[in-house]
Amino acid sequence: MNRVLLSAVAFTALAAPAFAADMPARTYTKAPVYTPPQAIYNWTGFYIGGHVGGAFAGGNSLEGNNGRFLGGVQGGFDYQFAPSWVAGIEAQYSWMDRNTTTFGFPGATVISSTGANQLGSVTGRIGYTWGPALLYAKGGYAWRDGNGVGVSVAGTPAAFTTNGNHKDGYTVGAGLEYMFAPNWSAKAEYQYYNFGNTTFTAGPAPIVGSRFNSDEHTVKVGVNYRFGWGGPVASKY
């Protein structure tokens with residue numbers, strides 16, 4: 001029995017190298033490069049927020065060219081589609097400092113304006129998003145509270161009329177918004193408001209026919225709270 005076992009062991013030892021030589025060489029594949037997951041940000045939903053900034057009237061405006069502080073609130077709804085485009089609607093309301101401006105004419109005739117101190121708008125907006133950032137343009141209806149225009153001759157108030165109160169107009173703008181924390185985004189925005197031209201149609205002779213622009217340039221920064229999600233909502237590999 002011992003001879004049989006020894007013979008079997010010897011045969012196995014001699015046959016193993018030959019068997020191994022007949023086996024195909026083992027192939028190795030390089031492990032794929034690890035790609036960290038990319039966050040997908042979802043802009044769809046409602047939001048509310050606030051803003052602060054400055055307002056600057058255009059040239060030849062009854063508002064004057066001095067900058068004024070403004071602050072206000074906004075709210076809206078966004079819908080993300082296709083998949084990096086965002087469309088939405090926004091309502092915005094701003095308060096501004098009063099700014100008295102005077103314009104002198106021959107004969108000691110003076111036009112004075114305290115300027116509008118409230119601005120509002122309802123706009124649509126369309127934007128492109130990548131990651132947490134959203135670049136957008138906006139435009140739509142604008143409103144203001146009018147302005148306190150007065151006319152005087154040698155210090156005595158004088159009657160006058162204009163071609164309208166110019167409370168309704170249009171607005172366009174653009175901005176950049178960024179999701180910096182769950183449910184929170186910050187934005188920087190430029191917005192232009194136009195309420196047409198104000199023309200004096202009756203009053204003291206020196207001012208009749210005088211025309212002034214009725215517009216505002218605004219620059220704002222703001223913060224929004226977004227309902228229903230918090231920044232990255234999914235991951236893809």
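Me: Why is phenylalanine 180 counted as partly exposed?

Reply: In this predicted model, phenylalanine 180 has 47% relative accessibility and therefore counts as partly exposed, since buried means under 20% relative accessible area, exposed over 50%, and partly exposed in between (1.4 Å probe, protein chains only). Phenylalanine 180 is found in strand S12; strands are DSSP runs of E, at least two residues, numbered from the N terminus.

Me: What makes Phe46, Ile48, Tyr178, Phe180, Trp184, Val223, Tyr225 and Phe227 a nonpolar surface patch?

Reply: Patches take residues with over 30% relative accessible area and no salt bridge, nonpolar side chains (Val, Leu, Ile, Met, Phe, Trp, Tyr) being joined within 5 Å. A salt bridge is a side-chain nitrogen of Lys or Arg within 4 Å of a carboxyl oxygen of Asp or Glu. The patch made by these residues covers about 800 Å², by the Shrake-Rupley method with a 1.4 Å probe, only the protein chains shown counting as cover for residues. Strands S2 (45-57), S12 (168-181) and S14 (211-226) each give two or more residues to the patch.

Me: Which residues form the largest nonpolar core?

Reply: Leu62, Phe103, Phe105, Ile111, Val151, Phe200, Ile207 and Phe212 form it. A nonpolar core is a set of buried Ala, Val, Leu, Ile, Met, Phe, Trp, Tyr and Cys residues joined through side-chain atoms within 4.5 Å. A second, separate core of 7 residues includes Ala55, Met96, Leu119 and Phe195.

How values were computed: Residues are numbered from 1 along each chain as its sequence is written. This is a predicted model: local features need pLDDT of at least 70, side-chain atom pairs count only at pLDDT 80 or more; totals for chains, interfaces and linings use all residues. Side-chain values use heavy atoms; hydrogens and water are left out. Patches are made of residues with over 30% relative accessible area and no salt bridge: like charges are joined within 9 Å, nonpolar side chains (Val, Leu, Ile, Met, Phe, Trp, Tyr) within 5 Å. Helices (H or I, at least four residues) and strands (E, at least two) are DSSP runs, numbered from the N terminus.
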